Amino acid sequence: MQSMYFTEEHQLFRQSLKDFLQKEVVPHIDKWEESGTIERFIWKKFGDMGYFGLATPENDGGLGLDLFYTVILLEELQKVNSGGFAAAIWAHAYLAMTHLNKEADANIKEKYLRPSVDGDKIGCLCITEPFGGSDVAAMRSTAVKEGDHYILNGSKTFITNGVYADYMIVAAKTNSSLGNKGISIFVVDRQSEGVTASKLNKLGWRASDTAEIAFDNVKIPAENLMGEEGMGFSYIMEHFSLERLIMGINAHARSEHALEYTLNYMSEREAFGKSINKFQALRHRIADLYGDIDMCKEYNYSVAYRLDKGQYVVKEATISKLKSTKVADEVATECLQFLGGYGYIEDYPMARNFRDSRLGPIGGGTSEILREIIAKMVIDKKEYKPATV
């Protein structure tokens, strides 16, 4: 069924990307996982290859390609077996840069978007707060206008690329009395006075830097407001569809990679005179896992197709992340079990896959929050609509 979505040009892109990742990324992954720092040179190499500009229009320095090039990028990134490296790349390209693509004016695009496409600047998206978690509307950060500046105060947490980014896309309340209708979006230079970041020590995603960020009377030029004041919550909600679909795609690709590795191991591992892939109990568990992965993948492709056609897929993308990350956790657990004692050894890739997978049902909206969003749409008939400017 992949031919429904992937052309010959897509497949050529996939092969060249595979080659690039094997040559330029894979040899460094273990070092980056150990150090928790992704060396800067790789960002420029991604930029030179055009990988950061897949979804950016040509007149802004990108390639303006359809969404299935992004699907391929996400899938192949999962196969280097570092959720942290993959997250750093897609958080830059599809969290920070999505807001630049959609809400930035010409001046901001020139200063931040074009260097982001080229790999000269790294971005991060700052929404989640220590006391808010998945509840975006409960944010406490404020940006008060004073003359030709806004004064930003507050804190953010769990921010991918938050330590080493050059700029931050920050959500803050410009009118606290209006609730979620008082939230606005800004681009903030990382070197601004009053910005501090501390690195968080994570269970998985070890290669990526994840930060808690504090803003203490940070002066933001008024021209760094993106889109309209008070429209931030709508922008965030609109882009959540892409973020959740990304995490759904990541999950099915991570699962496919884990199952492929496990099947190779099982074909070589012998017990009681035969390879363990000949034992019915294991074969049938593999069949179930394969079926679950394939259903997620085909569903995710269909949602990507609809999103690429401009449809508002908030419900479908929410389902994508909820179900795909659940399956990925099950696959990681089962595949680690199939490897027996070797699955528990860090030198084997399943240990890292197991740890990295656990972030899926948490990041980008917890599964509990996603279930409530779906319940509101299915039971309460709530309708979510695109932001209107």
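The questions below take the paired strands, then the pocket, then the cavities of this predicted model.

Reader: Which residue is the bridge partner of alanine 143 in strand 3?
Author: Strand 2, residues 142-146, and strand 3, residues 149-160, run antiparallel and are joined by five bridges. In their hairpin, two residues lie between the strands, and glycine 147 takes a positive phi near 65 degrees. Within strand 3, the bridge partner of alanine 143 is leucine 152.

Reader: Which residue in strand 7 stands opposite threonine 160?
Author: Strand 3 is also joined to strand 7, residues 210-221, by nine bridges, and these two strands run antiparallel. The residue of strand 7 that stands opposite threonine 160 is threonine 210.

Reader: How many charged residues are in the lining of the largest pocket?
Author: The largest pocket holds about 800 Å³ of space, and of the 34 residues that line it, the closest to its centre are Phe158, Leu359, Ile362, Gly363 and Gly364. Strand 3 and helix 6 (232-268) are among the elements that each supply at least two residues of this lining. By class, the lining has 16 nonpolar residues, 12 polar residues and, as charged residues, six.

Reader: What volume does the largest cavity have?
Author: The structure holds four cavities of 30 Å³ or more. The largest cavity is lined by 13 residues, with Gln78, Trp205, Met247, Asn250 and Arg254 nearest its centre, and helix 4, helix 6 and helix 9 each supply at least two residues of that lining. The volume of the largest cavity is about 80 Å³.

Conventions
Residues are numbered from 1 along each chain as its sequence is written. This is a predicted model: local features need pLDDT of at least 70, side-chain atom pairs count only at pLDDT 80 or more; totals for chains, interfaces and linings use all residues. Side-chain values use heavy atoms; hydrogens and water are left out. Two strands pair if DSSP finds at least two bridges between them. Helices (H or I, at least four residues) and strands (E, at least two) are DSSP runs, numbered from the N terminus. On a 1 Å grid over the protein atoms alone, a cavity is a set of points where a 1.4 Å probe fits but cannot get out, and a pocket is an open set with protein on both sides within 12 Å along at least five of seven lines; lining residues have an atom within 4 Å of a point. Grid points are joined across faces, edges and corners, and a volume is the space filled by probe spheres set on the points. Ala, Val, Leu, Ile, Met, Phe, Trp, Tyr, Cys and Pro count as nonpolar, Asp, Glu, Lys and Arg as charged, and the others, Gly among them, as polar.
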